[in-house]
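Please look at the sequence and the model first.

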Amino acid sequence: MLPKAWINRSRQRSWLNLCRRAMSSKPAEAAKIPQELCALPTRFLRASDPSLYDVATFQRKNVEFDATTGKPIISSEEEHVNIVQCENLDNQKYTVTWSDGRISEFSKIWVKNQYKNLMRMETSTDRVYWRNLTESDLRSSSEMSIDFSQILTQEGTDHAIRALYRFGILLVQNTPVLDNGAGVAALGAAVGGGKIKNQTSLWTTYKDGQEIIQLDHGTDGPMRTLYGTVWSTSFAGQADGASVADSAYGQEALPLHTDLTYLSSPPGLQIFTMVHPAKYGGESVFGDGFAMADLLRRTNPQAFETLCNTSRCYRCIDKDSGWHLEATGPVISKSLNGNEILAIRHNDLDRLPVLPPPTVKVDKFNEFYAQLAEAHQAWDEILRLDESRLVVKLKTGDTVVVANQRCLHGRHAFVANQNSPRSVRGCYVSQDELDSRFRVAGHL
């Protein structure tokens with residue numbers, strides 16, 4: 001098999017040669033067009049012209065429909081046009097002149113990113129994969145830890161978003177625990193919703209002295225799930241009627257997993273605040289799923305591809321509150337070019353058996369299941385490595401925020417009673433909100 005890098009370079013050369021032949025009947029002019037711009041399909045560039053989008057809403061302005069009924073207007077296909085000239089503008093933009101006279105401007109950074117996407121090239125990333133991380137490392141890190149008071153500042157929320165993108169984990173110390181979850185909800189609002197906070201933000205109202213966990217017309221705050229908005233692992237702290245159908249409400253150890261794998265889009269962030277630690281045991285365990293998936297890819301490529309290409313089904317049933325949730329997805333999701341690990345969806349306790357896909361013939365069923373079992377075993381071997389597991393004895397007021405589609409979490413078994421309970425309070429933030437914050441910060 002040819003190396004992937006060779007195949008990509010060959011694909012790039014073939015595509016660029018084709019583009020140069022098709023660009024124009026004037027090769028001298030086409031040669032002046034930068035390679036990255038030349039490689040992009042002209043129809044894609046034309047449709048991406050910023051002038052075709054509303055400056056306020058960023059929605060398309062060139063969609064034709066009847067002004068009264070909204071019915072689409074059927075028009076003939078736009079005549080094909082070519083780029084006839086390209087100039088640099090302040091070294092930041094390309095000014096493109098089309099064969100029909102239209103002039104478009106494109107950011108050089110945007111063109112470069114689209115070229116990388118087209119050529120399936122690796123994109124640069126500020127993400128840091130971590131292993132061998134200790135509790136001492138986490139507590140002493142100026143990047144991965146912050147005080148709750150700092151979360152109430154714009155600088156602090158920017159710090160948190162940067163840490164969650166780079167490391168997928170953040171320790172917030174001195175979180176209030178005697179406010180019925182208002183501080184936890186405000187923390188969820190700080191790292192969710194829009195970056196600009198106003199009176200529709202729970203973060204703003206908390207700073208103004210209102211200790212509530214939800215705004216009637218709010219635009220941020222805890223994600224609503226079957227466990228409520230702000231949940232508690234203590235039965236006494238859980239809202240009446242909210243689900244407790246989960247192993248988190250026991251005292252047994254929990255293997256590393258991501259949460260709510262049975263939702264079509266699992267939460268982007270999970271927030272854990274220690275209200276009352278167990279006297280014996282109950283240590284929290286965290287692991288960087290991206291680092292573990294990367295290790296699997298390097299040490300067992302076949303197992304990695306199996307976990308990327310096999311869709312698994314996850315389920316949650318709570319008869320008491322009437323929930324039956326199911327969703328499917330691979331354990332490891334990767335980018336189209338295969339270079340970037342995008343998400344982890346892993347919880348063996350909620351995972352159902354899988355039927356072979358239609359492409360697998362009957363006489364290959366045993367081979368399919370053997371390959372899948374081997375892949376999960378290879379994955380488990382990495383999950384059980386001590387260097388993959390960050391063990392933390394959380395104190396009262398300690399909060400750990402994890403990127404739920406990246407970092408796995410679990411716990412050690414513990415002993416608890418009325419005099420010495422182990423109580424954790426927390427909430428979720430959606431992946432869409434987290435991705436939005438990453439984009440605004442320039443990470444995506």
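At what angle do helix α12 and helix α13 pack, and how far apart are their axes? The model is predicted: local features need pLDDT of at least 70, side-chain atom pairs count only at pLDDT 80 or more, and totals for chains, interfaces and linings use all residues. Residues are numbered from 1 along each chain as its sequence is written, and side-chain values use heavy atoms, with hydrogens and water left out.

**Helices α12 and α13**

Helix α12 (residues 301-309) packs against helix α13 (residues 365-383) at about 105°, with the axes 9 Å apart. The two are therefore roughly perpendicular (65 to 115 degrees). Helices here are DSSP runs of H or I with at least four residues, and strands are runs of E with at least two. On the α12 side the contact (heavy atoms within 4.5 Å) is made by Gln302, Ala303, Thr306 and Leu307. Helix α13 contributes Gln371, Leu372, Ala375, His376, Ala378 and Trp379. Six of the residues in this contact are nonpolar, four are polar and none is charged. In this scheme Ala, Val, Leu, Ile, Met, Phe, Trp, Tyr, Cys and Pro are nonpolar, Asp, Glu, Lys and Arg charged, and the others, Gly among them, polar.

Ala303, Phe304, Thr306, Leu307 and Cys308 are the buried residues of α12 (under 20% relative accessible area; exposed is over 50%, partly exposed in between, with a 1.4 Å probe and protein chains only). Their cover includes α11 (289-299), β12 (323-330), β13 (332-334), β14 (341-344) and α13.

**Aromatic contacts**

There are nine aromatic pairs in the structure. Rings of Phe, Tyr and Trp (its six-membered ring) pair if their centres lie within 6.5 Å; planes under 30 degrees apart are stacked, over 60 edge-to-face and the rest tilted. Two of the pairs are tabulated.

| Pair | Centre to centre | Angle between planes | Type |
|---|---|---|---|
| Phenylalanine 44 and tryptophan 110 | 5.7 Å | 5° | stacked |
| Phenylalanine 368 and tyrosine 369 | 5.1 Å | 75° | edge-to-face |

Phenylalanine 44 in helix α4 (residues 42-47) and tryptophan 110 in helix α5 (residues 108-118) are 66 residues apart, and their pair links distant parts of the chain. Phenylalanine 44 is partly exposed at 33% relative accessibility, and tryptophan 110 is partly exposed at 26%. In the other pair, phenylalanine 368 is buried at 11%, whereas tyrosine 369 is partly exposed at 36%.

Trp231, Phe272, Phe286 and Tyr428 form one aromatic cluster.

Conventions: Axes fitted to C-alpha atoms, helices over the stretch in contact; angles between N-to-C directions. Parallel < 35°, antiparallel > 145°, perpendicular 65-115°, else oblique.
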